Amino acid sequence: MLTWSDVEGIAEQIPGLEYVPGPPRSWNAPHKTAAWERPLSKKDLAALGDRAPRGAVLAIHTADVTEKLAWIETAPATCFDSPHFAGYPAVLVNVDTADAQVVFELLSLASELPAKSR
């Protein structure tokens, strides 16, 4: 189980990521937002039903939708999607159940994406 402080600590380990206090919190890489706090809307909660996390959610850019779907399949306790994000290259992370190594890897990859990939 991670907290926002844990996420901030993980992000501090990644060169080039800059924390932007919120609300909403975000982490920027040069010329782009790499990750941001993304509370689920009522529509998201309704669509996800019992699968919806009730706590903090972090959105992290991925290179493309294929990479996003691979992360969801590989780390289902940490990564998920919502209808609002369908077709968009960003994975949603349930901070409350997140694996620190997965968050580190996702943030590292997002920090290296070119500005046009966001």
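## Salt bridges in a predicted model

E8 is partly exposed, with a relative accessibility of 22% (partly exposed lies between buried, under 20% relative accessible area, and exposed, over 50%, using a 1.4 Å probe and protein chains only). This is a predicted model, in which local features need pLDDT of at least 70, side-chain atom pairs count only at pLDDT 80 or more, and totals for chains, interfaces and linings use all residues. Residues are numbered from 1 along each chain as its sequence is written, and side-chain values use heavy atoms, leaving out hydrogens and water. Searching the whole structure turns up four salt bridges (a side-chain nitrogen of Lys or Arg within 4 Å of a carboxyl oxygen of Asp or Glu).

- R25 pairs with E8 in a salt bridge, with 3.8 Å between the closest N and O atoms.
- That pair links distant parts of the chain, 17 residues apart: E8 sits in helix 1 (residues 4–12), and R25 in the loop between strand 1 (18–20) and strand 2 (26–29). Helices (H or I, at least four residues) and strands (E, at least two) are DSSP runs, numbered from the N terminus.
- R25 also forms a salt bridge with E37, where the closest N and O atoms are 3.1 Å apart.
- Here too distant parts of the chain are linked, since E37 belongs to strand 3 (residues 32–37), 12 residues from R25.
- R25 is partly exposed at 22% relative accessible area, whereas E37 is buried at 17%.
- Through shared partners, salt bridges join E8, R25 and E37 into one network.

**The R38 and D44 pair**

- The side chains of R38 and D44 form a salt bridge, at 2.7 Å from N to O.
- Both R38 and D44 are buried.
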